[in-house]
Amino acid sequence: MTAKALILAGYGLNCEEETLHAFEYAGLSGEIRHINDLIENPKELDEVQIVAIPGGFSYGDDTGSGNAFAQKMKLALWGPLQKFVARDTLTIGICNGCQVVANLGLVPAFDAKYGQRLVAVTHNLTARYQCRWIDLKVSSNSPWLEGVENMHIPVAHGEGRFMMNEDTLKSLQSNGQIAAQYAKPDGNLADGEFPYNPNGTTNDIAGITDESGKVLALMPHPERGMFNWQRDDYMEMKDKAQREGKELPEAADGISIFQNAARYFEVAKKKSA
Amino acid sequence: MATRIEVLASPEDGRGKTLEKALKSKGKTAAVRVVDVYTSEHEKANTPAFKDSLVNPVTQESDSLPDDFDWALEIGFLPGVTDNVGHTASELLKLAGAENDNECFSSRLYLIKGNLKQSDIEELSQSLSNTLIQRATIKSADEFNADGGMETIIPKVTINTAGNTAADTIELDGLSDEELMEISQKGIKERGPLGLPLVYMKAIQSHYAGKTITDIELETLAQTWSEHCKHTIFASPIDDVKDGLYKHYIKRATKEIREIRGENDICVSVFSDNAGGIIFDDEYLITDKVETHNSPSALDPFGGAITGIVGVNRDCIGFGQGAKPVINRYGFCLADPRTSPEYYRDSAKTNAVLSPETIMKGVIDGVEAGGNQSGIPTPQGFVTFDDRFVGKPLVFVGTIGLIPRTINGKPGHEKCARPGDKIVVAGGRVGRDGIHGATFSSVALDEGSPATAVQIGDPITQKKMSDAIIKEIRDLSLYSAITDNGAGGMSSSIGEMAEGSGGFHVELETVPLKYPGMTPWEIWISESQERMTMAVPPKNTDELIALFAKRGVEATVVGTFTDDGRAKITHADEIIMDMAMDFLHDGNPETPLKTTFTRGGEAEPDLAEPDDYARVLLDMLGRLNICSKEFISTQYDHNVQGTAVMGPLQGPGRVYAEASITRPVLTSEKGVVLSQGLFPRYSDIDTAAMAAAGLDLAVRNAVAAGVDLGQLALLDNFCWCSSDEPERLGQLKRAVETIYEMAVKYQTPFISGKDSMFNDFKGFDKDGKSVKISAPPTLLISSIGVIPNIDKSISLAPKAVGDLVYLLGQTKDELGASEYYDMQGHLGNNVPETDSHANLHLYKLYGRAVRDSLIASAYALGFGGLGTALAKKAIAGQMGMDIDLSAINLRADKALYSESTGRILVTVAPQDKEKFEKCFKNLEALQHIGHITHTDKLNIKNQLQLDVKKLDEAYKAPLRDY
């Protein structure tokens, strides 16, 4: 049996279809589940290995991005969710999902204390939505990011700026919970410089994890950069490949996140066997 | 007891910082704190659970405002205006135990510290709010402290009807022409204009001879017979064209093309539905629809544009059994945002026209909010500038949909309400929003109350409804027909659907309302947004309503479709409308139109040859119609759904592109190519040239990007002015004749269209003198095509040093109404004439070159001709070019800036040279004009040499800081 991902939907989340496609392309099974259906049948969380909260605009970002959706989940699903992350499972929040995961306190969850809000993901410093391709420097022990050092994938958000107090930042750093940071194309950190750091986020942070690394909250969109044809430089890559008489491979940086999830459960399965 | 909750954001908040920056740009230094305010009368609002749900403890605090500020400015909504933040807060209030919807309201408070005067704060307030929909309160720190803070305002709608919500009756018998027109112009009991011409009023009078007519009957006729809904100008006999422009030219073009194409016909649903549909592949159709939302956007640019984009999304959801929105388009025709012209709607100069900058920012933000929040990519668009768009901007919005060709064994594009089907309305509730939206004029707007004049879309309410329909309910085949509620509200949607069954009976008291006190006619024609109407077999209604409820969407049975030929409405068991369907839909008398036409233009100017060609090119690149609009593309989510293949910013140099490619089905290799063309200024000389150039560019952009002509369809949007004048109608007729001929020539069918015929501003200038500013007659042609494999797509950026540069197509002495002439204050006479025969030949050859992958990059020449095209290519590729113009037999400035149509600038890899030239060997106008170099310079022999960096700066600087 392959591991199964549940991709949440409803109330303005909107990236569930392409996120499901990414999991399936990586060899996992998955299903889109409306949040109201999950609230009606929370036992489903006991039967799946992965929960993904995809990108979107839940509740229109009103009262703070991801806030209202997190409030709804916390009220109706908190017990089952806690049980879920305590098992050997993987959780990912992408973009709006990242904001929800942060509001739920599934990250940073120091000492595995899930539920406390310590990180805010708030208005871009430009106070404007930014849809652009960025480069990430990745350094993390998260199973989601195994073997990943760099990624060229897009961001698309109006509220992607991580904010927190000094203590939280220090703990994130010392625990290795900063999963991804915005970088310049040359590989050096963006150091706050727009547009490489597209939102003015603290320490160029683009994504963080819980201490186990199994919960990943990531603002950029790996599912929009999983194939080369999705890339901003696809036309140039395609032309180059044609001139060199080569076939352009289909997979691009973003897919590795989903493949890592598949690999994680493959390995787990082998171990238990 | 009302509760007011104040949530103070961190001093580092991006919204506050941006305001500080904006103030700084005006020479004012201030620190701004942002406070999100929520008010409610509900008892649960005063609970910690609710308050906590509104505050992020990491960056926000509640109930503790700082005291070191000098000014407080609060902006909230007027009663009845859509308050999306308030809606979400209301949802949170429900989580905290409240039972009803919409108990919460939002506002925003700015606490400003700095040496600013009251007038500075007033100016800031004006830039942040619109008095038509919002209230603004300013207090100095002293006032704030003396009052103990800001007021707690609950902007609830209260309607004082004195318990009278029945329908009124009117006697038309014996009224004179003047009296009839008074009713038409001022409305029943001066409720707002009906906008019916005298011949229509007289037809109603004689139909109701000896009978009384109710207010709801007359309002229904005004909606149904409005220009907006009936398109009377396109339908009426005009000169000797008895069947009208639409049938005779536009519809006929498509019909003839489909007959000739036979088995290769790509059209499936044309003109009959909310959008047009063509074949995508064996499994799916793609649909397209482009709408305009001009008048509302002039008054409330944000509200007008967001309502426009979510409205056209519903046209997509309402296509056939329901199509999934997969791409959005946008287009704005605006006045120069760097200018501050002064115009007023009234002679007393109290009601000023919004500044071009305010309108530009507002309409851009509106499409941003609507498109982004709906999760629909918006890669495709344009902005065109002309100062005559000052009073009435043109705001185009479009949506492309995807729908299975077969749903449960039935064609996905077919639908028909059947007698006995229940009428079900799903989505938002009905308020006084947008009453008379289909009939309003500028007069009405001064008199109308804010809550009714303008609407603001609510993308999340719509998203919930859209997902429920497209992703779940549609595939259960629970309804026989579906359509959206747009202009005219239920009167339109139900009236149109009932043409399928042959009648309807609506029980108006069943319609869910936002607030009590609305009269029947208001409920019936309200344009409250985010609603779809369905025809549902009685056995399915319970299941359908329950499914919607599970997704947080209200759906209600409001009546029954019948076959008795009557349009019937009851309210609390009383019959308030009972009209023959025939009269409702076909009772409006024909109004034959007459036209005249005079060609415009001036003598060709006798210009000296420029002595500094480099300077001219930099100036041309900086012109608003040519320069980069990157700041729009980066705030529009153009890669949601994971389907973006190409555009809107192309090449390493990020040039704002004219065409985009999307892969709407991730498992199919096919791509959808979108583009458009329009040349409003050409109308000053000849609308035929304007129409031809626009259609040609829409086609050529798509062809250049890789579409075969046989896979291309078109949409027409006419935005005309003064369409009651024979001369304007003559210009219209000429444009329509032209696009008929060209579409048939290119074999590119029209699949959908829309018109907006009175884009005139009537008002007063800064001296109080009466002025009329008419938008130039504008035809937007949008193109949509399918490419078999996205690996055949072609971008505009050159790919490699050493590649050869070719110009395909003839450059003629055609600079009339061009950007080059306009820059020098001339109109000229030689407007580009389109040779569709020669163009067709070129496009067919080009299609072969695409199939053989011989084109490395391509750009279809438009505004600013070859000169700006060369520069854009150099910028896009961040590569130099060596160019020699001697193959073009014109003076160099004319060669560079002529806007002759039918031309494509391409680059070709040297190894493909032979094959490429062989492919085009029968093309007379094949010109090898240079090659791509490693020098980082654009070098045009004998004329200019410019660093690519300099070109880049000239191209990107003008609008960079917006």
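A nonpolar core, for this tour, is a set of buried Ala, Val, Leu, Ile, Met, Phe, Trp, Tyr and Cys residues joined through side-chain atoms within 4.5 Å. Buried means under 20% relative accessible area, exposed over 50%, and partly exposed in between, with a 1.4 Å probe and protein chains only.

The model is predicted, with local features needing pLDDT of at least 70 and side-chain atom pairs pLDDT 80 or more, while totals for chains, interfaces and linings use all residues. Residues are numbered from 1 along each chain as its sequence is written, chains are lettered from A and ligands numbered from 1 in the order in which they are written, and side-chain values use heavy atoms, leaving out hydrogens and water.

**Stop 1: the cores**

Select A:Phe23 and B:Tyr846. In the largest nonpolar core, which has 205 residues, these two have the most contacts inside the core. Helix H24 of chain B gives the most to this core, with 13 residues. Helices (H or I, at least four residues) and strands (E, at least two) are DSSP runs, numbered from the N terminus.

Now show what surrounds B:Tyr846. Contact means heavy atoms within 4.5 Å. Beyond its neighbours within four places in sequence, B:Tyr846 is in contact with residues including B:Val703, B:Ala704, B:Ile855 and B:Phe920. A second, separate core has 72 residues, among them B:Ala305, B:Ala614, B:Ala797 and B:Leu896. In soluble globular proteins, nonpolar side chains tend to be buried together.

**Stop 2: the six-stranded sheet of chain B**

Which order do the strands of the open sheet in chain B follow? Read across, the six strands run E25-E28-E29-E34-E30-E31, with mixed pairing. Two strands pair if DSSP finds at least two bridges between them. At the edges are E25 (644-646) and E31 (750-756) of chain B, each pairing on one side only. Neighbouring strands are turned by 20° against each other on average, direction ignored. Axes here are lines fitted to C-alpha atoms, for helices over the stretch in contact, and angles run from 0 to 180 degrees between N-to-C directions.

Zoom in on E30 (712-719) and E34 (778-787) of chain B: they run antiparallel and are joined by eight bridges. Here B:Asn717 stands opposite B:Leu780.

H24 (687-705) of chain B lies across E25, E28, E29, E30, E31 and E34, at about 155° to E29 of chain B. H25 (726-746) of chain B lies across E30, E31 and E34, at about 180° to E30 of chain B.

**Stop 3: the nine-stranded sheet of chain A**

Move to chain A, where nine strands form an open sheet in the order E2-E1-E3-E4-E11-E10-E9-E6-E7, again with mixed pairing. E2 (29-34) and E7 of chain A each have a single partner strand, so one side of each is left without a neighbour in the sheet. On average, neighbouring strands of this sheet are turned by 25° against each other, direction ignored. E1 (4-9) and E2 of chain A pair in the parallel sense over six bridges, and A:Leu6 has A:Glu31 as its bridge partner in E2. Helix H4 (96-104) of chain A packs on the sheet, touching E3, E4 and E11 of chain A, and its direction makes about 120° with that of E4.

**Stop 4: the rings**

How many aromatic pairs are there over all chains? A search of the whole structure finds 27. Rings of Phe, Tyr and Trp (its six-membered ring) pair if their centres lie within 6.5 Å; planes under 30 degrees apart count as stacked, over 60 as edge-to-face and the rest as tilted.

Pick A:Phe23 again, with A:Trp144: the ring centres are 6.4 Å apart and the planes at 65°, so the pair is edge-to-face. A:Phe23 lies in helix H1 of chain A and A:Trp144 in the loop between strands E6 and E7 of chain A, so the pair ties together parts 121 residues apart in sequence.

Next select B:Tyr806 and B:Phe916, a tilted pair at 4.6 Å centre to centre and 45° between the planes. B:Tyr806 is buried, with a relative accessible area of 1%, and B:Phe916 is buried at 0%.

**Last stop: a loop residue**

Finish at B:Glu602, in the loop between helices H21 (581-586) and H22 (613-621) of chain B. Is B:Glu602 buried or partly exposed? With a relative accessible area of 45%, B:Glu602 counts as partly exposed. B:Glu602 touches B:Leu827, B:Gly828 and B:Asn829, not counting residues up to four places away in sequence.
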